[in-house]
Amino acid sequence: MPADSAPDPTRALPLTVYADGDPAPDWPARVRHLDAEAPLIVFSKTYCSYSKRAKDLLARYDLVPPPKIIEVDLRDDGDFIKAVLTRLTGRGTFPNAILRGRSLGGADDLAAMHREGRLRQLLEKAGLRVRAELKGEPEDAPESP
């Protein structure tokens, strides 16, 4: 792609980028469908220890529906996904857990919410069913003094 035709990163992307080229998408219907199908999406990298910690913690909750895991490093559009996530959430690192369109943060954020008892509440309030009874901290959380 010639340099003069590259998209300007300071300008909003056309909505058709997010709608598979559909010039008149029904956004409210699409959002309802995505929220029902995958209210929790985790953008991850397969080789990242932080991504592994976040996925392991969420797996311990035994969520219904389960989180949709997107392994960015296995996709051809990984750089594009990172740019869009950075623009939409202000986070350019992985993992990035998105709950109903709002970034919860990365592994450390999820672990802190878990320790504080807030993660389960957030997940259930968003309509996910937690099937596991979790007590205590994630396995690799720092010890309290």
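Select Gly 105 to begin; this residue lies in strand E5 (residues 102-105), where strands (E, at least two residues) and helices (H or I, at least four) are DSSP runs numbered from the N terminus. This is a predicted model, in which local features need pLDDT of at least 70, side-chain atom pairs count only at pLDDT 80 or more, and totals for chains, interfaces and linings use all residues. Residues are numbered from 1 along each chain as its sequence is written, and side-chain values use heavy atoms, with hydrogens and water left out.

Is Gly 105 buried or exposed? Gly 105 counts as buried because its relative accessibility is 4%; buried means under 20% relative accessible area, exposed over 50%, and partly exposed in between (1.4 Å probe, protein chains only).

Arg 91 is 14 residues from Gly 105 in sequence, and their C-alpha atoms are 7.6 Å apart.

Now select strand E4 (96-99). Asn 96 and Ile 98 point one way from E4, Ala 97 and Leu 99 the other way, and all are buried. In a regular strand the side chains alternate between the two faces of the sheet.

Finally, display the neighbouring strands. E4 and E5 run antiparallel, joined by three bridges; two strands pair if DSSP finds at least two bridges between them. Leu 99 has Arg 102 as its bridge partner in E5. E1 and E4 also pair in the antiparallel sense, over four bridges, and Leu 40 has Leu 99 as its bridge partner in E4.
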